[in-house]
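Please keep the sequence and the model in view while reading.

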Amino acid sequence: MSFKIDRGLFKYDFIDHHAVLCVPVDADVKEIRKRYLNIARRLHPDSSLTESDAQKQLGNELLSKLVNPAYEKLSGDRTRAEYILILSQIGKRLVQESTSVILNTDLGRELADTTNIDHFYKSAIAKLAQTQYDSLEQALQVIAQVSELNLVYLMRSAGKASAPPPPSAQPKVQSGTSEPNTPKNTPAAPAKEDSIVEQYVRRAQSLIDKNQFAQAKVELQDALKLEPKNSRCHSLIAMVYLRQNQLKMAKIHFDNALKLDPNDEIALQWKPKIDKALGQQPSDHKVTSSPNNRDKQPDKSGSGGLFGGLFGGKKK
């Protein structure tokens, strides 16, 4: 049986795995796994003892052709990162094509107009998840509805991230006059613009502040493609992985940050805590070359810093 969906992100020749599992596009691995297990129990033939053979077959096909591939894509670090990157690119494309986007559901139109985007989006996804596979014949329609919500959310999130800052107040200069101490025919020096990488970093920092870690990770991955040896990018993406409880990935990027900048303060603070949580000895990154760093010790109070008490008192 062919499962064809032509709404939401599916219209862009894209398989919306988040819609298949009915999880938000920034869902973490634990949330994805929990949702997958719930769906698998519902669809597996051995769990559907009261249903007809035709219903069991339909459930098994939904499981094998849609649900299992979605989980495989979203459960691996590398495949999920690549997938999220594509989602980010689609979001930017949707912003440019927003005038031609047609919404088919009331929920999609409400999300497009609401001011509280995150709350409305997460609430709508959670409500649809409760009954997504109750009627197997209607499952594709629910997936299409979720995908439309994902489309609107990506479009609005990308639009917010790329919106230019408000113009700063500048003194008006009358035509034919010049500012004090500026030759009349000499053009004013243009304001220095942030580099592309700095723009990525700024957007990522803003997304991190809003707890939108999946989107922040995509911005930082884009930045690292342009500047693989940018220690700040490595340090920030390590913090994103840390907030997503992916300690091994966080350790890799903190290691890279310290190799590039042995005095990186964020990496110096959090790398020893991750080593301890992973049961490893903190490695020496030769910070003693700087007298100011010789006596610096990682915060062990368990209450300071951005994630106060994250590892304090816990053994993993």
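Is Y36 buried or exposed? In this predicted model, Y36 has a relative accessibility of 15% and therefore counts as buried, because the cut-off for burial is under 20%.

**Aromatic pairs**

Three aromatic pairs are found in a search of the whole structure. Two of them are set out below.

| Pair | Distance between ring centres | Angle between planes | Type |
|---|---|---|---|
| F14 and Y83 | 5.1 Å | 25° | stacked |
| Y36 and Y71 | 4.2 Å | 10° | stacked |

Both entries count as stacked because planes under 30 degrees apart meet that description. F14 belongs to the segment before helix 1 and Y83 to helix 4, so their pairing ties together parts 69 residues apart in sequence. F14 is buried, with a relative accessible area of 10%, and Y83 is likewise buried, at 4% relative accessibility. In the pair of Y36 and Y71, the partners come from helix 2 and helix 3 respectively, so parts 35 residues apart in sequence are tied together. Y71 has a relative accessible area of 16% and is buried.

**Nonpolar cores**

The largest nonpolar core has 56 residues, and those touching the most other members are L62, V67, Y133 and L151. At least two residues of this core are supplied by each of helix 1 (17–21), helix 2 (29–43), helix 3 (53–75), helix 4 (77–96), helix 6 (117–131), helix 7 (139–162) and helix 9 (213–226). Helix 7 gives the largest share, eleven residues.

Y133 illustrates the contacts made here. When neighbours within four places in sequence are set aside, Y133 is in contact with V20, R35, I39, R42, L43, L62, V67, A139 and I143.

**Helix 12**

Helix 12 covers residues 265–277, 13 residues in number. At 1.5 Å a residue it should span 18 Å, and the 19 Å between its end C-alpha atoms agrees with that value. There is a bend of about 25° at K271, and the proline P272 follows within four residues.

Several residues of helix 12 are buried, among them A267, L268, W270, K271, P272 and K273. Parts of the structure covering the buried residues of helix 12 include helix 10 (231–243) and helix 11 (247–260). K273 also lies over the face of W270, 4.4 Å from the ring centre.

Note on methods
Residues numbered from 1 in each chain as written. Predicted model: local features only at pLDDT ≥ 70, side-chain atom pairs only at ≥ 80, totals over all residues. Heavy atoms only, no water. Core = buried A, V, L, I, M, F, W, Y, C linked by side-chain atoms within 4.5 Å. Buried < 20%, exposed > 50% of the residue type's maximum accessible area, 1.4 Å probe, protein only. Contact = heavy atoms within 4.5 Å. Phe/Tyr/Trp six-rings, centres within 6.5 Å; stacked < 30°, edge-to-face > 60°. Lys NZ or Arg CZ within 6 Å of the ring centre and 35° of its normal. Expected span 1.5 Å × (residues − 1). Bend = angle between axes of the 7 residues up to and from the residue.
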